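User: I'm new to reading protein models. Could you walk me through a few features?
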Amino acid sequence: MSNLLQFSLPDPVALWPWPRKLNRHYQQVKPESDSWIRGFEALDAKSQRSFDLCNFPLLSSLGYPLLNKDCLRVSCDLMVLFFIYDEFTDKTSANGARDCADLVMDVLRNPHVERPSGESKLGNITRQFWLRAISVASLPAQRRFIRSFSEYVYAVIDEASDREYGHIRGIADYLKVRRLTAGADASFFSVELGLDIPDEVMTHPAIQSLVNLAAESTVLTNDTYSYNNEQASGHGGHNIITAVMNDKGLDLDGALNWVGEYHGNILSNFQTQHRLLPSWGPDMDPVVDVFVEGLAYWIRGHDCWSFETERYFGTKGLEIKKTRLATKLPRVKNPSVTPMMARSSTQTH
C-alpha cells in the first residue's frame, strides 16, 4: 500500500445558503488580540508557531461577521483562550486537567479578585478576557457562558483520561462528550454578545434545537478536517472519524462518507427548523433573528477558516478546498500520547 494514500473530504456546506462574510473590523482587531496574548509569553516556540498558523481572529471574523468592534475583540480573545486552555491540558493527566478547570472557573466566578502571585498564567489570561467580556455581554448571557464553559473544562478531564488510557468511545457516547470538549456551546457566547435574550427564549425547544444542531456541525467540521493531523500524531482516538470506523467497521473513505452524509442531514434539519421558528413578539423576534443568523454564519465561517489558515492543511488549504483531496500523513514514530487509533482491521483502504 502506498504511503501517499489520498482520501476525499466531504463538502456538507456546498449548498449552505449563508455566504462567506468577513467582519469589517478584522484588520483592526487582529493585531490587538495578537498583541494581547503575546504579552503573556504563555507559549513555547513550538506552540507559538501552531498558534500563529491558526489565525484565531480570522476564525472569529469569518464565524461572527455581524459583531461590532468591541464584541469581535471579545470573540477573538475567547478563541485564544480555547487554544491556550487546550495547550495547558492536552499534555497533562486527568488530575492536571482538573486543576486547570478549577482555576479558570474560580476566575470566571470572581473576575474582580486579583490573581495570586506565582499562579499559572492561565488565570490572568482568563481574567482579562472575562473582564472585557462582561462589559458587552448581558447578565443572562454571562450566566449561560459560565455554565457552558464549566461543562467544557470539566469534560476535557474525560478527554484527558481517554487519552491517558487509550480509550475510544462509540459514536453516540463520543458525540455526547465531544460536543462538550469542543466548547461549541461556550463559543456561541460570541453570537450573544451585544444581544439581550432572556432565559425563557434561549431555553425554548426551538432555539435549543438550533443551538444543538450548530454545535454538532461544529464538532463534525472540526473532526473531519483535523483527523489527518491527529491520526499522524497519535491523537486520533478523540475524533468522530475513528469512532465511526470502530463502530461501523468502515475504512477511512467509508467513515468520511458516513460523516459527510450525517453532517448534511444536520444542516438540512437546521434550515427546516429555522423556517419554523415561533414568534416571541415584535420586540424580541428581531433579536432572535440576529442570534439565529449568527449561528448560521458561524457554520459557514468555521468551514471557510479551516481552509484559509494553515491549521489543518498547511499551505494547501485553498487547493484542498477546491479538489476535496488530501494526502494521509504518516504516523510519527514516537507519539507523545498513548496511541488512540481505530482498530487495525478497519484501517485498510
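User: Is Cys76 buried or exposed?

Analyst: Buried means under 20% relative accessible area, exposed means over 50%, and partly exposed is in between (1.4 Å probe, protein chains only). Cys76 has 0%, so it's buried. Keep in mind that this is a predicted model: local features need pLDDT of at least 70, side-chain atom pairs count only at pLDDT 80 or more, and totals for chains, interfaces and linings use all residues. Residues are numbered from 1 along each chain as its sequence is written, and side-chain values use heavy atoms, leaving out hydrogens and water.

User: How many disulfides are there?

Analyst: A disulfide is a covalent bond between the sulfur atoms of two cysteines. Here the rule is a pair of cysteine sulfur atoms within 2.5 Å, and the count is zero. For Cys76, the nearest cysteine sulfur belongs to Cys71, 11 Å away. Cys304 is in no disulfide either: its nearest cysteine sulfur, that of Cys76, is 16 Å away.

User: What about aromatic rings: how many pairs does a search of the whole structure find?

Analyst: Rings of Phe, Tyr and Trp (its six-membered ring) pair if their centres lie within 6.5 Å; planes under 30 degrees apart are stacked, over 60 edge-to-face, and the rest tilted. The search finds 25 pairs. Take Tyr225 and Phe307: their ring centres are 4.8 Å apart and their planes sit at 65°, so they're edge-to-face.

User: Are those two residues, Tyr225 and Phe307, buried or exposed?

Analyst: Tyr225 is buried, at 3% relative accessible area, and Phe307 is buried too, at 2%. Both belong to one aromatic cluster, whose members include Phe51, Trp305 and Phe313.
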